[in-house]
Every structure is written in structure tokens, then in C-alpha cells.
Amino acid sequence: FYSFDQSATLEEKFQKYLQFGGMPILREYQFNEARSSQALEGIYSTVVLRDILQRNEGADQAMLQKIMLFLCSNIGSINSPSSIGNVLYNEGDIKGRNVAGKTVEKYISMLHSAYIFFSVGRYDVKGKQLLKTLGKNYIIDMGFRNMLLGYRDADRGHILENIVYLELLRRGYEVTVGRTGDKEIDFVCDKRGEKLYVQVTYLLASEETVNREFGAYDSIRDNFPKYVVSLDEFDMSRNGIKHRNIRDFLLAEEWN
């Protein structure tokens with residue numbers, strides 16, 4: 001994490017990372033909120049708006065921005081292009097126009113091609129096959145999302161999920177969203193045949209949450225590592241499933 005202040009604790013540095021993301025230029029501003037937001041807005045305007053619009057003749061800037069905002073607001077949520085179009089239409093976001101699923105898909109593809117968002121498909125763990133519909137989208141840097149929407153504590157679960165996804169990607173894993181029966185596993189990861197399963201949640205604050213997060217692995221009988229990752233400081237590992245504080249998980253040299 002950031003080395004902007006050698007006296008800062010690891011937790012303080014991580015909080016800065018959650019809020020501002022990981023763009024190297026922000027260190028020059030000592031993570032001053034106003035200047036950091038200005039820098040992120042400049043990068044966003046240049047890369048997202050100008051470059052994407054220049055490469056895609058006829059693209060509508062208002063449509064691109066609205067879809068970008070929708071994806072930022074729904075990090076880690078399962079949505080289809082048609083359902084996104086319906087939401088935008090019903091909310092009157094695109095001047096009341098009907099937004100076809102194919103149109104939404106085209107604009108999401110533009111964001112993928114520019115490496116602003118990554119699309120993660122769904123994988124049937126028991127059937128061992130990729131599902132054709134309803135993936136998730138994760139943004140390349142949380143600083144952009146927080147710049148556009150504001151940093152909100154209520155969103156921390158999805159923010160943590162996005163951060164873990166980026167680290168999995170950085171370490172060379174192929175990542176999918178897992179489904180096993182009626183349960184979902186946040187990340188099923190594969191690197192040269194070695195698998196890793198990861199559940200991400202904000203806090204294991206209730207028995208219901210504990211049962212949901214650890215219970216996602218109930219029907220998986222293989223011996224690959226299975227993790228539940230959260231902001232909790234104390235170890236709640238059980239039944240061979242490892243629980244890790246997210247800072248420790250991200251900084252671990254290896255997970256297997």
C-alpha cells in the first residue's frame with residue numbers, strides 16, 4: 001500500500017487506498033482530497049471520455065457516461081445489458097429513450113476495450129462449465145468510482161470485492177463467479193490447474209452472515225484452498241475454510 005507517510009499504520013494506509021485507489025500520481029499530492037479528485041477527474045476525462053469517444057465514431061457521450069455511472073453504482077452485481085437498459089429507461093436517465101440491450105452491450109464493450117472495466121463470467125462449479133449469461137463488472141481503479149459517486153461506507157462490501165478481484169487478476173489468475181446450486185461464490189480462480197476459491201464480505205457481524213459466507217462452500221468437496229475475506233481483525237476460520245483479514249490476504253506472498 002501507499003508509503004506516503006512512514007508513520008501511518010497499515011490500516012491508515014489501507015483506508016487511503018479504499019478512498020483514493022492506486023494511481024501512482026496521487027502520491028505527489030500527498031493524497032490531498034481536493035487535488036487527488038482533480039487528478040482522477042483529469043485522467044477520467046482524458047481516457048474514458050475523450051479516447052473512447054474518439055475510437056468509437058458515433059458514440060454518444062451522455063449514454064457512455066450514464067452506463068459508466070450505472071456500472072460504478074453496481075460493482076459486483078449481476079446485471080444483463082437488457083436489465084441495465086430497462087433501469088436507465090425507467091429512471092429517465094437517457095432523455096426517456098428506450099435503451100436496447102444491444103446498445104448497452106456495445107457501450108460496455110467500449111469500456112472493456114479501454115480496460116476501464118473487466119467483465120467476469122459465471123461458472124457452474126458442479127457442472128464444470130461456463131454459463132452464458134449474467135456476468136459481473138469490476139472497475140480498474142476504485143479512485144475513479146469514488147470520484148464519480150463519492151466515497152460511501154455503505155458500499156464497502158463491493159469496494160472490497162473489487163479490490164480482491166484486481167489482486168487476483170494481478171497475480172495471474174483466471175477469475176470467474178462461481179455458482180453451486182442456489183449459492184454463489186464470489187471468485188473461482190484458476191492458474192495452470194491450481195484452483196482457489198474466495199468469498200469477500202465487509203464484516204462477519206452476524207451468525208447469518210457467517211453461515212452465508214462459509215456455507216457457500218458446503219457442496220464443494222475438492223481440496224483446493226477456500227477463503228472468506230473480510231475486514232474483521234480476528235481469525236474465524238472453520239471446517240478447513242480459511243478466514244483472513246483483507247489486508248493480510250492482499251499482502252500474503254502466496255495463498256495455496
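Buried means under 20% relative accessible area, exposed over 50%, and partly exposed in between (1.4 Å probe, protein chains only). The model used in these exercises is predicted: local features need pLDDT of at least 70, side-chain atom pairs count only at pLDDT 80 or more, and totals for chains, interfaces and linings use all residues. Residues are numbered from 1 along each chain as its sequence is written, and side-chain values use heavy atoms, with hydrogens and water left out.

**Exercise 1. Cysteines**

Task: State whether Cys189 is buried or exposed, and how many disulfides the structure holds.

Solution. Step one: Cys189 has 0% relative accessibility, so Cys189 counts as buried. Cys72, also at 0%, counts as buried. Step two: a disulfide is a pair of cysteine sulfur atoms within 2.5 Å. The structure holds zero disulfides.

**Exercise 2. Aromatic pairs**

Task: Find how many aromatic pairs there are, and classify the pair of Tyr115 and Phe118.

Solution. Step one: rings of Phe, Tyr and Trp (its six-membered ring) pair if their centres lie within 6.5 Å; planes under 30 degrees apart count as stacked, over 60 as edge-to-face and the rest as tilted. The count by this rule is 10 aromatic pairs. Step two: the ring centres of Tyr115 and Phe118 are 6.5 Å apart with planes at 50°, so this pair is tilted. Tyr115 is exposed, at 58% relative accessible area, whereas Phe118 counts as buried at 18%.

Step three takes another pair. Tyr197 and Tyr217 are edge-to-face, with 6.3 Å from centre to centre and 65° between the planes. Tyr197 lies in strand β5 (residues 194-200) and Tyr217 in the loop between α8 (207-215) and β6 (226-230), so the pair ties together parts 20 residues apart in sequence. Helices (H or I, at least four residues) and strands (E, at least two) are DSSP runs, numbered from the N terminus. Tyr197 and Tyr217 are both buried.

Step four: ring pairs also link Tyr115, Phe118, Tyr138, Tyr165 and Phe187 into a cluster.

**Exercise 3. Charges over rings**

Task: Identify which ring has Arg171 over its face, and which ring lies under the charged end of Lys191.

Solution. A charge sits over a ring if NZ of Lys or CZ of Arg is within 6 Å of the ring centre and within 35 degrees of the ring normal. Arg171 lies over the face of Trp255, 4.0 Å from the ring centre. For Lys191, the ring is that of Tyr173, with the charged end 4.6 Å from its centre.

**Exercise 4. Strand β7 and helix α8**

Task: Describe how the side chains of β7 (residues 242-245) point, and list the buried residues of α8.

Solution. Step two: two strands pair if DSSP finds at least two bridges between them. β6 and β7 run parallel and are joined by four bridges; Val228 has His243 in β7 as its bridge partner. Step three: in α8, the buried residues are Thr209, Val210, Glu213, Phe214 and Gly215. Their cover includes β4 (183-191), β5, β6 and β7.

Conventions
Contact = heavy atoms within 4.5 Å.
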